[in-house]
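Here are some notes for a colleague who is new to reading structures. Please keep the model open while going through them.

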Amino acid sequence: MTAQRFDEPMEQALAEARAALEHGDVPVGAVLLDPRGVVVAADHNRSRLLSDPTAHAEMLVLSRAARARGVERLDDHILVVTLEPCAMCAMAAVWARVERIVYGAADPKAGAAWSLYNIPQDERLNHRCDLVAGVRATEGAALLEAFFRERRP
């Protein structure tokens with residue numbers, strides 16, 4: 001499975017990340033693809049907007065898709081996100097039984113899908129997710145760097 005296959009969904013995730021800037025949230029976007037490759041949910045970080053530390057882009061798309069399906073399991077779905085998931089989001093993907101996580105920029109400070117931890121592929125868990133890293137990573141990283149540069153001179 002090539003990273004190029006995820007170029008289009010990552011573009012939509014990047015558009016979602018840019019939308020987070022409109023309300024001062026960290027620019028991270030996510031989309032969830034069904035087994036046919038169709039986007040079933042798309043969102044961006046809303047933690048600041050909603051005053052909710054769990055309102056990460058990944059959590060929002062997983063919740064929306066599960067509610068729409070009427071079941072908590074999202075077997076054969078693919079989570080596409082602009083930044084490597086944190087521990088909370090990586091574990092949520094495992095609980096949801098997501099088949100694959102595709103992400104752009106690595107997160108050396110909080111990444112839980114290779115950088116600090118590898119929760120999605122931990123053999124001690126009852127489900128593992130395939131990982132594809134680095135899809136349009138430069139674009140996702142640039143959004144984050146500009147966001148934090150403005151706030152932390």
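This is a predicted model: local features need pLDDT of at least 70, side-chain atom pairs count only at pLDDT 80 or more; totals for chains, interfaces and linings use all residues.

1. The largest pocket has a volume of about 500 Å³. Its lining is made up of 22 residues, and those nearest the centre are Val26, Leu83, Asp107, Leu144 and Phe148. Two or more lining residues come from each of helix H2 (47-50) and helix H5 (137-151). H5 gives the largest share, four residues.

2. By class, the lining of the largest pocket holds 11 nonpolar, eight charged and three polar residues.

3. Lys109 sits in the loop between strand E4 (100-105) and strand E5 (130-133). Lys109 has a relative accessible area of 74%, so it counts as exposed. Cys86 is 23 residues from Lys109 in sequence, and the two C-alpha atoms are 9.2 Å apart.

4. The whole structure has 11 salt bridges. Side chains of opposite charge can pair when their charged atoms come close. Arg100 forms a salt bridge with Glu99 at 3.4 Å, N to O, and another with Asp130, where the closest N and O atoms are 3.2 Å apart. Asp130 is in strand E5 and Arg100 in strand E4, so this pair ties together parts that are 30 residues apart in sequence.

5. Is Arg100 buried or exposed? Arg100 is buried, at 9% relative accessible area. Glu99 is partly exposed at 28%, and Asp130 is partly exposed at 37%.

6. Arg136 and Glu139 meet in a salt bridge of 2.8 Å, N to O. Shared partners link Asp7, Glu11, Arg18, Arg136 and Glu139 into one network of salt bridges. Arg136 is partly exposed at 22% relative accessibility, and Glu139 is partly exposed at 36%.

Definitions and conventions. Residues are numbered from 1 along each chain as its sequence is written. Side-chain values use heavy atoms; hydrogens and water are left out. On a 1 Å grid over the protein atoms alone, a cavity is a set of points where a 1.4 Å probe fits but cannot get out, and a pocket is an open set with protein on both sides within 12 Å along at least five of seven lines; lining residues have an atom within 4 Å of a point. Grid points are joined across faces, edges and corners, and a volume is the space filled by probe spheres set on the points. Ala, Val, Leu, Ile, Met, Phe, Trp, Tyr, Cys and Pro count as nonpolar, Asp, Glu, Lys and Arg as charged, and the others, Gly among them, as polar. Buried means under 20% relative accessible area, exposed over 50%, partly exposed in between (1.4 Å probe, protein chains only). A salt bridge is a side-chain nitrogen of Lys or Arg within 4 Å of a carboxyl oxygen of Asp or Glu.
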